[in-house]
Structure formats: C-alpha cells, structure tokens
Amino acid sequence: MMISSSDAVGVDLRGVRKWYGAVPAVRDVSLAIRPGEIVSFLGPSGCGKTTTLRMIAGLEHPDAGEIRIGGGLVNDVAPWKRNIGMVFQNYALFPHMSVAENVAFGLAMRREGRAEIDAKVAAAMAQVRLTPLADRRPSQLSGGQRQRVALARAIVTRPSVLLLDEPLAALDRKLREQMQVEIRQLQREVGITTVFVTHDQEEALTLSDRVVVMEAGRVVQTGTPAEVYERPRSRFVSDFIGFTNAVAGRIEAVEGGTATVTMRSGQTIRVPAEAGLAAAQAVDLVVRPEKVELNPPAEARPGRALVSGTLRHSVYTGAVTYHHVDIGAGETLIAMASNGDGHGEAPVLGSPVTLGFRPENMLVFASAV
Amino acid sequence: MAAHDLPAPPLRTVPRGERLLAAYVALVILFLALPVLIVVPLAFSSDVSLTFPPRGVSLRWFANIWARPEFLSAFALSAAVALVATGISMVAGVLAAIAFVRHTFPGRDALLMLFMTPLVFPAIVLAAALALVMTPLGLLRSFWGLALAHVVLTLPYILRTAVATLSEIDRSYQEAAHTLGADRWQAFRHVTLPMLRPGLLAGATFALIISFDEFTVSMFLVGPGVMTLPLEMYNYSEFTLDPTLAAISTVLLALTCLAILIIERLVGLGKQFGG
Ligand SMILES: Nc1ncnc2c1ncn2[C@@H]1O[C@H](COP(=O)(O)OP(=O)(O)OP(=O)(O)O)[C@@H](O)[C@H]1O
Ligand SMILES: [Mg+2]
C-alpha cells in the first residue's frame, strides 16, 4: 500500500501580515501555491519564513490578510482542523513514545480503527525505510532517522498540505543531499502540496518547483529555480542566490533598449537596458562567474561584451578553476573555467587577459547607495 | 566515600586538605543523621524511660501503637489530608503552571510570586490567618478546613516543580500534536502531561511529606475528632515520654524510605525510557 493523495489543494496568501509587538515579522506576503506544487521559502535569518509557515499551519494568527487552503478561508480555523502535516526544525518527536507510536499519533487523533492505523503506519514506515526501528525511542535514533520519522508522522495522515521548517539543517552535508532526493521523490509519489523553508539556496534550487525569495518580511521574487537563478530581479536576490561578481558603473546613455555603461576603470560595455534605467545613473553590474569566459577564442568574440584586465590569481577547486582578473581601478571580475577536457592551460599570472560574456548575462541594478 | 574504600596507591599520599574535608563532611552527615538514627534503636528498647543505649530489646512499643486507637485514626486522618491536599494542589498547580509558562498576561510575574509566598511566609502568621478565615466559614476543626489549609501549604511546591518542568518542555511538542490533529485537551493529555510526569511526581512527593508532617498550621485548625498524627504525638508526649514515639517515628521513617524508593524507581525508569 502506498500513501498518496490525488486530491491536492492549493494554498493562497493574500496581504498577510504579522507583528510581534513592535517587530514586523511578516509585512505583506501574497502568494499562490498551486495544488501538488513544492515551493520553498528562501531568505536570510529573520526574514519571516518560519512565521509565514506557522501562519499557514495555524500556529500563529495573522494580523491582517487572508490565508486560504483549498479555497476555504482558514484564518480562524484551529491547526488541528486544517489537515496539515508539519515537520519541525527540531523534529519534535514525542520522547515518551516509540517510533511507531509517534507515526500513529495523527491517525489515533482522527479516531481511526486499530487495524487501519496499523496498516497505514506500516506503509508509511516502509515508505521512509524505518520498519526495523518501529519499537525504538526517538532518543535511540540518528539525526537522519529522526528526520524520517518526523516525515512519516507528517504524511501518514494524508494531509492536504505538508509544511517543513528547515528539516535538513541539523544534518551533515552528505546526509542532507541524500534526504533532499528522498523528500523530492516522496513528494512526487504522494503529490502533496508542499512548502519548504530553508536558508540554503542550493537546497531551494534542488528541491522546488518554485522558489519564493523573502527579504525583511516581504516576498521579493517568486519563480522557478532557473528563473530566480538566471534572472534575479534585484541585487539582493542575485547576491542571495549563488555566487556573483559585482562591479560599479555609471550609465552613459540608453537608446533602443541598450544601455552604454562605463565601469569605474573607464572601460565601456553595452548591455540590455532594464526599464527604469536612465543616463547618468549609478549602477551595479552583476554577472555570475560561470557566465564569464577567460580569453574567449576569436570566433566566439562577436556579439560578446569584452573587458580587459590582468590575471591576479587562479583558485583551483577540482572540477572548476576561478580566475580573478583585475580590470582596473581596484575592481575584480571572476571568471570560472571548467577543468574538463579541451581546456588549455591557464595563462601566466600577471599576464594581460580578456574576459568575454553575453551582454544579456550582465545584470544591471540601480546602486543602493 | 569511595576513596576511603580503595587501598591507597603506594606512592600517593592524600593531601592534608582533602583529609580535612573528608572528616568535615563525615561530621556534617553524622550531625544530620544521628538524631534520626538514634530513634530506631530506641523504638526497640525494653525500657520504660528514654535511655540510650537501651538496656534490652522488645517490640512492646510497637504493640502500644496498636493498642491506642487515637494513633491509628490520627494516622488515617493525616494520610487522607495529605492525599486530598496533594491531589487538589496537583490539579491547581498544573493548570496554573500552564497559564504562567505558556501564556502572557498582565501581572503574571506578580501573581506567580504571590502563589509562592507560603514558601517564605512565617507559618504562624499563615496559621492565625487561616484560623481567622475558617471560623466564620465553619471550616474550623473540620477535615476540609485542614485539607484546604494544606493545599495552601503544598501548592507552591507543586507549582514550582511544574513551572520548572514545563519551561523545559519545548513548545514545539504541543504544536506538533496540534498539527497532527490533537485539540488542546488531547495535546495536553497525550503529550504535555506524560512529559510533565517526572517533575509532577517529585513535586507530589514533596507535597505529601510537607502535609503529613505539618504542625504549626494544623495546630490552629484541629480539634476533637480531627487530629493529625504529629499533633497526636505531641499531645501524647505532654503526658508520657516513653519509646512509643520512637516506634511511631520508626514506622514513618520506614514508610518514607519505601515511598522515596518507589518514586525513584518510577521516575528513574521513566527517564531511562523517555529520555
Ligand atoms: N515569538 C516571537 N516573538 C517575537 N518576535 C519574534 C517571534 N518569532 C519571530 N520573531 C521575529 O520575527 C522575525 C521573523 O522571524 P522568523 O522566525 O519568521 O524568521 P526566519 O526567516 O524563520 O529566520 P531563521 O532563518 O533564522 O529561522 C524575526 O525578526 C524574529 O526575531
Ligand atoms: Mg526560521
């Protein structure tokens, strides 16, 4: 028997706010989570991810706005009537119950029959490969095993929505990656609408259908992992998601959708102009290292923006090498080079080099100043 | 202690400071335990007067307890008062602890302090006050008057351990129960209460002992037919000073040891399985 739910429901947040006394935890969150979707809340510590998740669970009451689960307004519905499953950061496994009793708890609260409970618990435990540990106490389990018990306990009741608050934060890197794959598979099998909180951008990109990036109590961007990674809408998002190069510049002119930007070093590049940019504006130019090529071959140069500089140092990290290039006026751009076949030797340190990238990969954001 | 049982390693001499400390500790333990331990041989004495060491061995003083129904009824009353007062204190204490730990409300800290005052209040003041309040209520010299007075005395102990235990229990357990479909009562009944159990058991033990052995407050509230064991013993000693009191004390000592052993076992095992 496999636990699965075909009747997945959507979750809608509209203008949701929450204050703790004078502290605004969530300022204004509007978001539509589609049925069966896995969405992650990503953002720095204190940006309101947990608070938003707890409001969906019903553990906090929003000060303003509407929360709908499956279309029905749940603002004033108690958590035990919402049919949700939640995995807490500390797992919150009941220490006085065995693994099997923990998993059975939600079913017992729903007053299901003994035989039915036993069958469902056995199925859920098999699904997360816990069967041999049924009689152990939570204190006798490893971190990864506890995590799986918490997951089994949360899904065995066939909740409409599964909420996970940094469920992998306590695990070491290898186990974390393994559990990411398992959660993804389980979520696909079961098809539950899932909200996942993390402050690890890699985890968010790996696990989600869509990523919701939050900053200071607000949603700053929502999109697929690729959208959020490739086309961050603000400097904050680009910094938060992945490793970026940033240099300062000033817009000389904007014409026909193309902006001419002078970098502090005096070099000029032409990039697609975002709406709202105007001449004489100070901007940040942001590009990901893997989009920058060191000494591109002549046939690859047409259509590329080119910047010249001096190679300062190269950092070998195994699969790739990062080349740090001084482009003048004390500014540095980093180019990533794959160490796969067909890549020649890196130039000598201190030698002049050229960096090339597609203009559309250079993101232009108004300087914060 | 263990250091004394082991043969000293040949080359190591125990520093003088350590020896002094060991001697001091032994003296303190002796000072604390001696009066209690002297009671036991006295209870088995065959002498009519309280002389130490006793000159012969007999069980006549234990027989004397049985021969005097007032001791047995006083014991029964004291036990009943202790159980009822502890029971009421447990319910009130747990509910109050939930309010104090899980909720914020105006005057919370002041109220918690007020609940704890019987711990530091001079017992005689409390005794007089309770007697004054209970007279118009018709509770003076009644079982329920006594039991309620003992609730006032035992509640702080229960409340204190319940607040301490509950503060240690992360809120997320209760919240996890809620997300799994448990309403407030079910979450309390199946999750919070079992986790509170060791602390409550410790608090209840204290409360039972405090109530059973209470003297000052009870003295103002007892009367004919409503007499606690400590007061019955005191009354007896005013007229007769023989080893009967030592025999009763010995019985109480044995019962206390047994109770503590049982609770230690319960809580200890609970910790092993639950920890
Ligand atoms: N119970 C509370 N009382 C007061 N302030 C709170 C409470 N819970 C959260 N806050 C505040 O609300 C803000 C948002 O907190 P929240 O826990 O939602 O952040 P988060 O994004 O989950 O952060 P983290 O990644 O550190 O878990 C923070 O400023 C936090 O200090
Ligand atoms: Mg959080």
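## A tour of chains A and B

Begin by selecting Ala335(A), which has a relative accessible area of 0% and therefore counts as buried (buried means under 20% relative accessible area, exposed over 50% and partly exposed in between, with a 1.4 Å probe and protein chains only). What you have open is a predicted model, in which local features need pLDDT of at least 70 and side-chain atom pairs count only at pLDDT 80 or more, while totals for chains, interfaces and linings use all residues. Residues are numbered from 1 along each chain as its sequence is written, chains are lettered from A and ligands numbered from 1 in the order in which they are written, and side-chain values use heavy atoms, with hydrogens and water left out.

**Stop 1: around Ala335(A)**

Ala335(A) belongs to strand S18 of chain A; helices (H or I, at least four residues) and strands (E, at least two) are DSSP runs, numbered from the N terminus. Show the residues that Ala335(A) touches, leaving aside those up to four places away in sequence, and you will find Pro289(A), Val292(A), Glu293(A), Leu294(A), Thr321(A), Tyr322(A), His323(A) and Leu355(A), where contact means heavy atoms within 4.5 Å. One of these, His323(A), is 12 residues away from Ala335(A) in sequence, with 5.1 Å between the two C-alpha atoms.

**Stop 2**

In general, strands of a sheet pair through backbone hydrogen bonds, either parallel or antiparallel.

**Stop 3: another sheet of chain A**

Next select the open sheet of five strands ordered S13-S12-S11-S14-S20 in chain A, which also has antiparallel pairing. Its edge strands, each pairing on one side only, are strand S13 (268-272) and strand S20 (363-366) of chain A, and the twist averages 45° from one strand to the next. Strand S12 (residues 258-263) of chain A pairs with S13(A) in the antiparallel sense over five bridges; to pick out one bridge, select Thr260(A), whose partner in S13(A) is Arg270(A).

**Stop 4: two further buried residues**

Move to Leu164(A), in strand S7 (residues 161-165) of chain A, which counts as buried because its relative accessibility is 0%. Its contacts, again without residues up to four places away in sequence, are Leu53(A), Val87(A), Leu151(A), Ile183(A), Thr194(A), Val195(A), Phe196(A) and Val197(A). If you draw a C-alpha to C-alpha distance from Leu164(A) to Ser308(A), 144 residues apart in sequence, it comes to 47 Å.

Then select Ser98(A), in the loop between strand S6 (84-87) and helix H2 (99-109) of chain A. Ser98(A) has 9% relative accessibility and so counts as buried, and beyond four places in sequence it touches Ala134(A), Asp135(A), Arg136(A) and Arg137(A).

**Stop 5: chain A as a whole**

Zoom out to chain A, which has eight helices and 20 strands and whose C-alpha atoms fill a box of roughly 75 × 45 × 35 Å along the principal axes. Of the 369 residues in chain A, 50% are buried, and among contacts between residues at least 6 apart in sequence, 66% join residues at least 24 apart.

**Stop 6: chain B**

Now select residues 75-263 of chain B, where UniProt, in an unreviewed entry, places the feature "domain: ABC transmembrane type-1"; UniProt positions are given in the numbering used here, feature names are shortened, and annotations may be inferred rather than shown by experiment. This span is 81% helix and 0% strand, and its end C-alpha atoms lie 21 Å apart. Under "transmembrane region", the unreviewed UniProt entry lists several stretches of chain B, including residues 71-98 and 110-133. Residues 71-98 of chain B are 100% helix, with end C-alpha atoms 40 Å apart, whereas residues 110-133 of chain B are 75% helix, with ends 23 Å apart.

Finish with helix H5 (residues 108-116) and helix H7 (residues 143-168) of chain B, whose axes come within 8 Å and cross at roughly 135°. That angle makes H5(B) oblique to H7(B): angles under 35 degrees count as roughly parallel, over 145 as roughly antiparallel, 65 to 115 as roughly perpendicular and the rest as oblique, with axes being lines fitted to C-alpha atoms, for helices over the stretch in contact, and angles running from 0 to 180 degrees between N-to-C directions. Here Leu112(B), Phe115(B) and Met116(B) of H5(B) meet Leu155(B), Pro156(B), Leu159(B), Arg160(B) and Val163(B) of H7(B). By class, this contact has seven nonpolar, no polar and one charged residues, where Ala, Val, Leu, Ile, Met, Phe, Trp, Tyr, Cys and Pro count as nonpolar, Asp, Glu, Lys and Arg as charged, and the others, Gly among them, as polar.

Note on methods
Pairing = 2+ DSSP bridges.
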